[in-house]
Structure formats: structure tokens, C-alpha cells
Amino acid sequence: MPGADRSLIGGRGVARTPGTIVPMVTKLRLDPELAAVVERARRRAEEMGELPHKPFPPFESKIPPELAEVILELLRDGTYAEAVARIAADDPELADQ
């Protein structure tokens, strides 16, 4: 593919152009010693009550759908970014917050 970045993914060359989805490794293999350490830490955290025993409920936004659309439009059209830039210019301490 002309102009494509050729990268090694999964042991073979894959043509990549900006904005395309490329295959990724989905099955990780930990070093056996690291896997044992991770498992011990997980068990200890579970014993200490630091891990939840049941899954968290799905996230439900408290923002009404109409307001969510307005917010998304402000993000998409750059209005939000412009406002942030103006505020940061007025107060340099906020620029790195």
C-alpha cells in the first residue's frame, strides 16, 4: 500500500495507514514468576477485602440525553477547547492543571 507504515505485528508485516485498525495481541503470557507474584497479590488483596466480591453495576450517566448532545457538540466544534485555552491564558497557573 503506497505511503503505508509497515510494522511488525504478531510476527508478520502488516500494512498500516493512519486511522486504520490493526490486529493486536489479545492473549498475554506472563513470565511464570511474575504470574505467581500477581496471583499472590490478588489473593492477599481479596483476603483483605480490597477487591469487590461482585461486579460493579453498569455506569448510568446522570446527564439527560439532551444535555449530553449539547456537551458533545461543544467538544466536537472546538468551543470547549477555545474556552479552556482562554481561561489558561488568563491564569497561567491553570495552564498545567
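**Entry 1: E73 and helix α2**

I looked up E73 and found it in helix α2, residues 65-76. I take helices as DSSP runs of H or I with at least four residues, and strands as runs of E with at least two, numbered from the N terminus. This is a predicted model: local features need pLDDT of at least 70, side-chain atom pairs count only at pLDDT 80 or more, and totals for chains, interfaces and linings use all residues. Residues are numbered from 1 along each chain as its sequence is written, and side-chain values use heavy atoms, with hydrogens and water left out.

E73 has a relative accessible area of 40%, so I list E73 as partly exposed. The classes are buried (under 20% relative accessible area), exposed (over 50%) and partly exposed in between, with a 1.4 Å probe and protein chains only.

I then checked the span of α2. The helix has 12 residues and reaches 16 Å from its first C-alpha to its last, close to the 16 Å expected at 1.5 Å a residue. The expected span is 1.5 Å times one less than the number of residues. After α2 comes G78, and its phi is positive, near 90°.

**Entry 2: the negative patch**

Which residues form the negative surface patch with E73? I noted E69, D77 and E82. A patch takes residues with over 30% relative accessible area and no salt bridge; like charges are joined within 9 Å, and nonpolar side chains (Val, Leu, Ile, Met, Phe, Trp, Tyr) within 5 Å. Asp and Glu count as negative, Lys and Arg as positive; His and the chain ends are not counted. The charge is placed at NZ of Lys, CZ of Arg, CG of Asp or CD of Glu.

**Entry 3: the nonpolar patch**

I listed the members of a nonpolar surface patch of about 750 Å²: I63, L67, V70, I71, L72, L74, L75, Y80 and V84. The elements that give two or more residues to this patch are α2 and α3 (79-90). Helix α2 gives the most, with 6 residues. I picked L74, which lies in α2. L74 is at 35% relative accessibility and therefore counts as partly exposed.

How many salt bridges does a search of the whole structure find? I got 3. The test is a side-chain nitrogen of Lys or Arg within 4 Å of a carboxyl oxygen of Asp or Glu.

I took R42 and E39 to begin with; their side chains meet at 2.6 Å, N to O. Both sit in helix α1 (residues 32-47), and they are separated by about one helical turn because they are 3 residues apart. E39 also meets R43, at 3.5 Å, N to O. That pair is 4 residues apart in α1, about one turn of the helix. Next I checked E46, which bridges to R42 with the closest N and O atoms 3.6 Å apart. E46 and R42 are again 4 residues apart in α1.

**Entry 4: the whole chain**

I closed with the totals. The chain has 3 helices and 2 strands. From the N terminus on, the order is β-β-α-α-α. Of its 97 residues, 7% count as buried. The accessible surface comes to about 9,300 Å², and 60% of this belongs to carbon and sulfur atoms. Areas come from the Shrake-Rupley method with a 1.4 Å probe; for residues, only the protein chains shown count as cover.
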